[in-house]
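Me: I would like to learn how to read the features of a model like this one. Could you take me through them step by step?

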Amino acid sequence: MSAAQPGSRWLLARAPVWRALAAAAPRLRRGRLSIDEAEQALDGYQSLARDLASARQQLPGNSVTLALESLYTSYHAALSRAPFRAGASLLQLFRSEIPEIVASLRTHLLWIVLLLALSAGAGWLLIATYPELVGLVASREQIDHVEHGELWTENLLNIAPSSILSVRILSNNVMVSVFAVCAGVLYGLGTAYLIALNGLMLGAMFAFTHQHGLDGELLRFVVAHGTVELSVICLAGAAGIALGESLIRPTLATRRESFQHCAGRVGKLLVPCALLLVGCGLIEGYVSPNPAVPFAARLAIGSAYFLFMLALLSGRLFGRGRR
Amino acid sequence: MEQGEFRIATATGVDAALAIAGPGVRSYAFVIDWHIRVLLAVAWYLAAALLINGSLATPVGKPAPPAFVFGALLPALAIYFLYHLILEAALRGITPGKRIAGVRIAARNGGVPSTGALLLRNLFRIVDSMPLLYVVGLATSLFTREHVRVGDLAAGTLLVWNDARPAATLERLATLSPDAQLAPAAIDVISDLLARWSELEPERRAALARALLLRLDPAPVIAPLEALSEAVLRERLERLLQAPRAAS
């Protein structure tokens with residue numbers, strides 16, 4: 001072996017610098033550096049880039065090269081990280097981003113509402129023409145209740161307390177919304193199927209209750225929570241369709257990039273959707289099954305909550321559009 | 001791009017690199033996490049049911065009382081379903097299973113993904129777990145170049161090897177004498193052997209130490225290497241790293 005090893009000399013001479021940079025890395029990852037510290041980190045990042053390039057060439061596969069790779073990546077990630085302030089980010093989400101996303105989904109929303117209306121019409125027609133098929137959309141218990149002249153929701157509060165009812169309903173609705181968005185990955189078909197199925201069941205149940213003169217009662221039950229609940233499911237459906245479209249007609253260089261970009265954008269819609277569904281669950285658990293609440297009050301709650309939803313989704317609730 | 005490596009373009013012109021973890025280690029981490037969350041959820045459910053009901057039996061044919069639903073059932077379900085999301089957000093892309101498997105979730109710039117990205121990644125488990133036993137997730141992680149599941153594709157995340165050694169490697173290097181004149185590869189091998197000394201079997205580490213000393217140590221042979229104890233062999237390796245070499 002030779003007496004002098006230039007590679008070793010360079011390695012050992014640079015070692016204290018790398019050790020200092022490695023020691024500073026955890027603090028850099030946590031953020032909140034002073035200006036001097038940030039400048040030092042930037043200098044360190046640049047010197048790491050030079051050293052890594054040399055190490056890759058001179059010492060490929062060496063553990064020091066691998067250590068430098070890792071250190072360099074952590075410096076890059078820390079320095080290229082976007083600034084984050086939770087409060088400001090949330091405000092921006094609700095004031096600017098959500099309204100913009102909703103506006104960009106207008107066409108998708110229109111198609112989804114049309115699909116829901118058409119499938120509801122189809123459901124009504126199906127049960128009106130073939131009443132015996134109601135078993136496809138309603139359980140035996142529901143059918144028995146209606147055939148005995150009362151809705152299955154009649155004694156709901158005697159079966160389960162409002163709090164449990166609310167949690168069960170809201171978790172189910174949130175799951176449906178999440179599924180409506182995620183099923184868009186099947187080129188939008190999963191979402192379309194889900195919305196069509198929901199519309200079909202809605203129409204069929206109204207037709208079935210209409211045959212027994214209970215459609216007014218069903219409307220009375222759903223009017224307080226139904227408008228927002230259906231709107232949110234349509235919104236989630238529109239997001240799912242947009243996700244499918246990003247795969248069918250990518251707007252970026254690759255389908256993966258287009259899908260990722262779209263998922264990151266429409267995924268934000270799930271935040272207000274989940275919040276609104278919590279409200280729907282509470283109304284459906286406490287107001288809708290309560291026979292003491294008159295129709296006018298239900299209508300008022302439903303309308304007010306719908307207006308609240310519009311204000312939330314348009315950003316007006318958070319000052320969007322104010323001078 | 002090398003096999004199993006994700007390159008990140010940087011402003012310096014020198015690419016950063018992440019070592020992509022494959023489907024095997026992904027499954028390994030998931031299985032560990034699945035067992036932990038099932039155990040936690042069941043433990044909570046049983047303990048809370050005992051406290052609230054006084055027995056493990058739940059009333060049959062009657063609706064469960066609110067105290068049981070909110071104290072036992074819902075928290076157990078929350079533990080099971082929110083385990084990944086909460087731990088990944090709190091532990092910067094790592095769960096106990098991932099820590100044991102030596103991997104972490106990374107954003108495409110190499111850093112910790114945002115909470116939004118982690119949320120999206122976990123919501124897409126609905127798709128990845130279809131039709132059963134994570135068939136979709138496993139298939140996509142087998143056949144995509146970056147070995148990612150649908151949730152990773154949506155959130156822009158990667159599962160990468162979490163190399164915890166760099167600080168220790170550089171720390172060890174900095175303690176060496178600047179005059180040491182061994183070749184970098186020799187420094188690497190000796191340092192690695194010393195770092196793994198306690199993990200290796202005594203006969204194996206002694207044999208490796210003798211082989212290295214025979215090739216690299218210029219010190220005069222006073223006693224045959226076979227006669228030296230483990231402690232002496234280790235000491236000579238450490239001295240070899242510290243001392244400047246005699247001119248050969």
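Me: How much area is buried between chain B and chain A?

Reply: Buried area is the accessible area (1.4 Å probe) that two parts lose on being put together, summed over both. Here chain B and chain A bury about 4500 Å² between them, and carbon and sulfur atoms give 70% of that. Please keep in mind that this is a predicted model, in which local features need pLDDT of at least 70, side-chain atom pairs count only at pLDDT 80 or more, and totals for chains, interfaces and linings use all residues. Residues are numbered from 1 along each chain as its sequence is written, chains are lettered from A in the order in which they are written, and side-chain values use heavy atoms, leaving out hydrogens and water.

Me: How many residues does each chain bring to the contact?

Reply: Contact means heavy atoms within 4.5 Å. By that rule chain B brings 59 residues and chain A brings 53.

Me: And how many salt bridges are counted between chain B and chain A?

Reply: The general idea is that side chains of opposite charge can pair when their charged atoms come close. The rule asks for a side-chain nitrogen of Lys or Arg within 4 Å of a carboxyl oxygen of Asp or Glu. Between these chains the count is one salt bridge: E171(B) pairs with R19(A), with the closest N and O atoms 3.3 Å apart. R19(A) sits in helix α1 (residues 6–30) of chain A and E171(B) in helix α8 of chain B, so the pair joins two chains. Helices here are DSSP runs of H or I with at least four residues, and strands are runs of E with at least two, numbered from the N terminus.

Me: Which salt bridge ties together parts that are 21 residues apart in sequence?

Reply: Look at D128(B) and R149(B), whose side chains meet at 2.6 Å, N to O. D128(B) belongs to helix α5 of chain B and R149(B) to the loop between α6 (135–143) and α7, so the pair ties together parts 21 residues apart in sequence. D128(B) is buried, with 0% relative accessibility, and R149(B) is buried too, at 4%. Shared partners also link R26(B), E88(B), K98(B), R121(B), R125(B) and D152(B) into one network of salt bridges.

Me: What does the side chain of S119(A) reach?

Reply: For a polar contact, look for a pair of N or O atoms within 3.5 Å; within protein, one must be able to donate a hydrogen and the other to accept it, and residues adjacent in sequence count only if both atoms are side-chain atoms. The side chain of S119(A) reaches the backbone oxygen of L115(A) at 2.7 Å, and one of its polar atoms lies 3.1 Å from the backbone oxygen of L116(A). S119(A) is in helix α5 (residues 106–129) of chain A and is buried at 9%.

Me: Finally, how many helices and strands are there in chain A?

Reply: Chain A has 14 helices and zero strands. Its radius of gyration (over C-alpha atoms) is 29 Å, well over the 20 Å that the globule rule gives for 323 residues, so chain A is more spread out than a compact globule. That rule is 2.2 Å times the number of residues to the power 0.38.

Key:
Buried < 20%, exposed > 50% of the residue type's maximum accessible area, 1.4 Å probe, protein only.
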